[in-house]
Amino acid sequence: MVILDGKKVSESILYEISLRIQELKGEGKRLPRLDMILVGNDYGSIKYVEMKRKTVRQVGMLGEVHHLDESIETEGLLDLTESLNNNPEVDGYMIQLPLPSHINKHTVLESIDPKKDIDGLSPSNLGKLFQKDRTGIPPATPVGIIKLLEEYNIKLLGRRVVILGASSIIGKPLAAMMLEKSATVTICNSNTLNTQDIARTADILVSATGKPELIKGSFLKLGCVVVDVGSNKHSETGKLVGDVDWESIQGIPSHITPVPGGVGPMTIASLILNLMHCYENRNR
Ligand SMILES: NC(=O)c1ccc[n+]([C@@H]2O[C@H](COP(=O)([O-])OP(=O)(O)OC[C@H]3O[C@@H](n4cnc5c(N)ncnc54)[C@H](OP(=O)(O)O)[C@@H]3O)[C@@H](O)[C@H]2O)c1
């Protein structure tokens, strides 16, 4: 069973970016800046933003975290996105999801300048993705997954992919990107009947449900590739776990992403890559 080492692959992407930043510093140029908006005190969200901030610093970029109180209203958040849209020092920014339920997520995502939307989640960028318009910014997690598969020479053309999870940040955009690479894609949601039987038809199974230990050996075809996007806190140990029940899948897949160290670091590397593209486009 080959481990798809997202940590290692992401480190090499980030190393290349850090060399580019060194060049910019040497030339006395303005450095790329990535800002992050965090609302409230959700444990997972704080951890994700900390990891992103650490990576931004490691590669030598600038960045600021705007940590807002849980009670902020939609209008308050719109004021901040407007000011980041208009700030020439900011090349790109992201809003850590989920947002508290009283905030209108769609209005907020729509307010992000598409050229600064490094998560690729604004309607304009998602629309471009579905229209195969390459001028948009693609969502970071699906980009990271595709890059990781490519790095290990796992082909999509003609392969059968099953994605468990239909969210706008993972399942749907990933399906569009994999379709574009000529895979045959099925997306399942929580109401899908016979999910296990459908999963067992997959050459490549992607699980993005947020349900720890959902994926048992009985979900897998022998020799398939498993991409575990889940990022869950284990109810007893408090450790980070994915959707896969590792004990029961031993010896079945040919390749699998670990949690931690698989899709998570690839998502962060893709965010930073998206930011570099925004920076280079603005300075062209
Ligand atoms: N590693 C990373 O970089 C990264 C990045 C982002 C998110 N994540 C993780 O990925 C997971 C999903 O995130 P999300 O934001 O997409 O969550 P989400 O918005 O809650 O979506 C979860 C999706 O899974 C579906 N689902 C739930 N149970 C299912 C089941 N038994 N079989 C098939 N589908 C099922 C849901 O179906 P319905 O549509 O019917 O509700 C929904 O479409 C979470 O663990 C999150 O923390 C990881």
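This is a predicted model: local features need pLDDT of at least 70, side-chain atom pairs count only at pLDDT 80 or more; totals for chains, interfaces and linings use all residues.
Residues are numbered from 1 along each chain as its sequence is written. Helices (H or I, at least four residues) and strands (E, at least two) are DSSP runs, numbered from the N terminus.

**Domains**

- The protein chain splits into domain 1 (28-114) and domain 2 (140-264), with bounds that come from an automatic or database domain assignment.
- Taken over C-alpha atoms, the centres of domain 1 and domain 2 are 28 Å apart.

**Around the ligand**

- The ligand has 26 residues around it, and the closest are Gly165, Ser167, Asn189, Gly210 and Thr267; a residue is near a molecule if its C-beta atom, placed from the backbone, lies within 6 Å of it.
- Sorted by class, the shell holds nine nonpolar, 16 polar and one charged residues. Here Ala, Val, Leu, Ile, Met, Phe, Trp, Tyr, Cys and Pro count as nonpolar, Asp, Glu, Lys and Arg as charged, and the others, Gly among them, as polar.
- Helix H10 (residues 263-282) is the top contributor to this shell, giving three residues.

**Helix H6**

- Nine of the 12 residues of H6 are buried, so the rest of the structure largely encloses this helix. Buried means that 20 or more other C-beta atoms lie within 10 Å of the residue's own, exposed means 12 or fewer, and partly exposed is in between, with C-beta atoms placed from the backbone.
- The buried set in H6 is Ala140, Thr141, Pro142, Val143, Gly144, Ile145, Ile146, Leu148 and Leu149.
- Covering those buried residues are elements including helix H1 (6-26), H7, S7, strand S8 (225-228) and H10; contact means C-beta atoms, placed from the backbone, within 7 Å.
- The end C-alpha atoms of H6 are 16 Å apart, which agrees with the 16 Å that its 12 residues should span at 1.5 Å a residue. That expected span is 1.5 Å times one less than the number of residues.

**Helix H7**

- In helix H7 (residues 171-180), the buried residues are Gly171, Pro173, Leu174 and Met178. Looking down the axis of H7, these fall within an arc of 165°, so they line one face of the helix; the arc is that of the directions from the helix axis to the C-beta atoms.
- That buried set packs against helix H5 (123-130), helix H6 (140-151), strand S5 (160-164), strand S6 (184-188) and strand S7 (204-207).

- As background, most residues other than glycine have a negative phi, and most peptide bonds are trans.
- Asn153 isn't a glycine, yet its phi is positive, about 60°. Asn153 sits in the loop between H6 and S5, and counts as exposed because it has 6 C-beta neighbours inside 10 Å.
- Glu213, also not a glycine, has a positive phi near 65°. Glu213 is in the loop between S7 and S8, and its 16 C-beta neighbours inside 10 Å make it partly exposed.
- The Leu97 to Pro98 peptide bond is cis, with omega near 5°, and Pro98 lies in the loop between strand S4 (92-95) and helix H4 (105-111).
- Val259 and Pro260 are also joined by a cis peptide bond, omega about 0°, with Pro260 in the loop between strand S11 (255-256) and H10.

Methods. Two residues are in contact if their C-beta atoms, placed from the backbone, lie within 7 Å.
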